[in-house]
Amino acid sequence: MSRTQSLAAAAAYFDGGGFFSDLARRVAFRTESDTGAATPALGAYLRDELAPPLAALGFDCEIVKNPVAGGGPFLIARRIEDPALPTVLCYGHGDVVSGQDAQWDEGLSPWALTVRGERWYGRGTADNKGQHSIALGGLAAALQARGGRLGYNISWLIETGEEAASPGLHAVCEQQRERLRAALFLASDGPRLSAQRPTLFLGSRGAVNFSLRLRARTRGYHSGNWGGVLANPATVLSHAVASLVDAQGRILVEALRPPAVPAGVREALAGLAIGGGADDPVLDAGWGEPGLSAAERLVAWNTIEVLALGAGSPQRPVNAIPAEAVAHCQLRFVVGTPWRELAAIVRAHLDARGFGDVAVQVTLEGAATRLDVENPWVGWARRSIAQSSGRQVDLLPNLAGSLPNDVFAELLGLPTLWVPHSYPACAQHAPNEHLLAPLAREGLQIMAGLYWDLGEPDSAPWSAGSTAHALS
């Protein structure tokens, strides 16, 4: 038994076609969750596709019904070698966003794994079927190299509603708290900072989606007959939005600006480049909070984004003052932001500036989390990943996007490590989503190394996790 054998087994799984075959079957399940209804494919994916290989690895598997009406089911799988041993909790999601079938390039389908060069196309290849398949493949390789005994316990939680804001996830984790008790959380989702180097991130920014709406009257009126004497909702709302964020993207609402970037976070982000890939957009000079690096603005600061604007008939404008205007906005935020009070903060801000008629409605929200960069698990994971990949590891204190990490960090009280195997230009949530084959192969070895190192005596800092890591 050796670490080298664990990594070799992971590479053989990829080189021999096993990973491709497994991922091709999983991509074929049409597990869309953003349609407003839980389809039978969600349960079938857990029951027929994931539970059998987990059972073969020694897991006891149970499908748990979602307590939220219309939400997809959950899979809880537990492999207990000894209740006195520490436990790691792993996570993934089997659902995907809508396929957008007609928008994919000719010869590609969201529901068939298709290879073109180093790119493996299919819905879920990057988010998240490919990533939890990499983690499961790495785990199987470590088990093989260790002769079937890890030296710790491991649990898996797979949900089927992450792309629909994870309905029921909090409730299920609360109900199943004892069965999900662990000392460490380890999962794979989101992109690396770049395709060239592995990334480790420790949490995520939160998000609050909110709408500003001004309804002035029941119908539109001719702009020639009434322009200049009837207030235009679109004009008023444009100024209301401009009072929240300026023309360079800087937040103007003091209460929604984050605390100063902590020294440890600033140090972790120093020297990290944002963008620069072949398919990445060119960064806009002068955009965002002044005095910060691009990495700090993206990862360690807050932004207000206008996601959509609506008034009148944009596709076919008519000469009329619209009756109504709406702006759909989003606050992306870091730890320390009073996000739960966003509606009240924005309401007071608008009232003070004469926009009392503009309605504020929060439509979606999720918390921000960030594990302390000095936590012993962070250094342990970086060393393991570097040893397996032979590459420098980029450390992000939190992902710029959002994940339901608060469930694991706050509700379950776990140190959280995320090891992504996608990259920024993977087209997740868009047509032509794909996984890069070299990243998948390297990811398998990275995960095999992590699962191996968790079982090495005096290697993993189990004492840094939950004080109640052993199972009762």
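## Sheets, packed helices and aromatic pairs

Strand E2 (residues 74-79) is mostly covered, with five of its six residues buried. Please keep in mind while reading that this is a predicted model.

E2 has partners to look at in turn. Strand E1 (residues 60-64) pairs with E2 in the antiparallel sense over five bridges, and the bridge partner of Glu62 in E2 is Ile76. Five bridges also join E2 to strand E6 (residues 153-159), and these two run antiparallel. Here Arg79 has Ile154 in E6 as its bridge partner.

Let us move on to an open sheet of four strands, in the order E12-E14-E10-E15 with antiparallel pairing. E12 and strand E15 (359-366) stand at the edges with a single partner strand each, so one side of each is left without a neighbour in the sheet. From one strand to the next, the twist averages 20 degrees. Within this sheet, E10 and E15 run antiparallel and are joined by seven bridges, and Leu212 stands opposite Val360 in E15.

Which strands of the sheet does H7 touch? This helix packs on the sheet through contacts with E10, E12 and E14, and its direction makes about 15 degrees with that of E14. H10 packs on the sheet as well, touching E10, E14 and E15; its direction makes about 150 degrees with that of E15.

At the N-terminal end, H7 is capped by Asn232, which has a side-chain oxygen 2.9 Å from the backbone nitrogen of Ala234.

### A three-stranded sheet

Another open sheet has three strands in the order E4-E5-E19, again with antiparallel pairing. Strand E4 (114-116) and strand E19 (434-436) are the edge strands, each pairing on one side only. Neighbouring strands of this sheet are turned by 25 degrees against each other on average, direction ignored. Strand E5 (residues 119-121) runs antiparallel to E19, and three bridges join the two. In this pairing, Tyr121 stands opposite His434 in E19. Helix H13 (residues 437-454) packs on the sheet, where it touches E5 and E19; the direction of H13 makes about 65 degrees with that of E19.

### Aromatic pairs and a buried threonine

The model has 17 aromatic pairs. The table sets out a couple of them.

| Pair | Ring centres | Ring planes | Class |
|---|---|---|---|
| Tyr91 and Phe408 | 5.1 Å apart | 55 degrees | tilted |
| Phe185 and Trp418 | 5.2 Å apart | 55 degrees | tilted |

Where in the chain do Tyr91 and Phe408 lie? Tyr91 is in strand E3 (residues 87-93) and Phe408 in helix H12 (residues 405-411), so that the pair links distant parts of the chain, 317 residues apart. Both Tyr91 and Phe408 are buried.

Phe185 lies in strand E7 (residues 184-187) and Trp418 in strand E18 (residues 416-418), so this pair ties together parts that are 233 residues apart in sequence. Both Phe185 and Trp418 are buried too. Elsewhere, Tyr13, Phe14, Phe19, Phe20 and Trp120 form one aromatic cluster.

Is Thr199 buried or exposed? Its relative accessibility is 0%, and because residues under 20% are classed as buried, Thr199 counts as buried. Leaving aside residues up to four places away in sequence, Thr199 touches Arg192, Leu193, Val393, Asp394, Leu396, Trp418, Val419 and Pro420. With Leu193 there is a polar contact: the backbone nitrogen of Leu193 lies 2.9 Å from a polar atom of the Thr199 side chain.

Technical notes: Residues numbered from 1 in each chain as written. Predicted model: local features only at pLDDT ≥ 70, side-chain atom pairs only at ≥ 80, totals over all residues. Heavy atoms only, no water. Pairing = 2+ DSSP bridges. Axes fitted to C-alpha atoms, helices over the stretch in contact; angles between N-to-C directions. Contact = heavy atoms within 4.5 Å. Polar contact = N/O pair within 3.5 Å; in protein donor to acceptor, adjacent residues only side chain to side chain. Buried < 20%, exposed > 50% of the residue type's maximum accessible area, 1.4 Å probe, protein only. Phe/Tyr/Trp six-rings, centres within 6.5 Å; stacked < 30°, edge-to-face > 60°.
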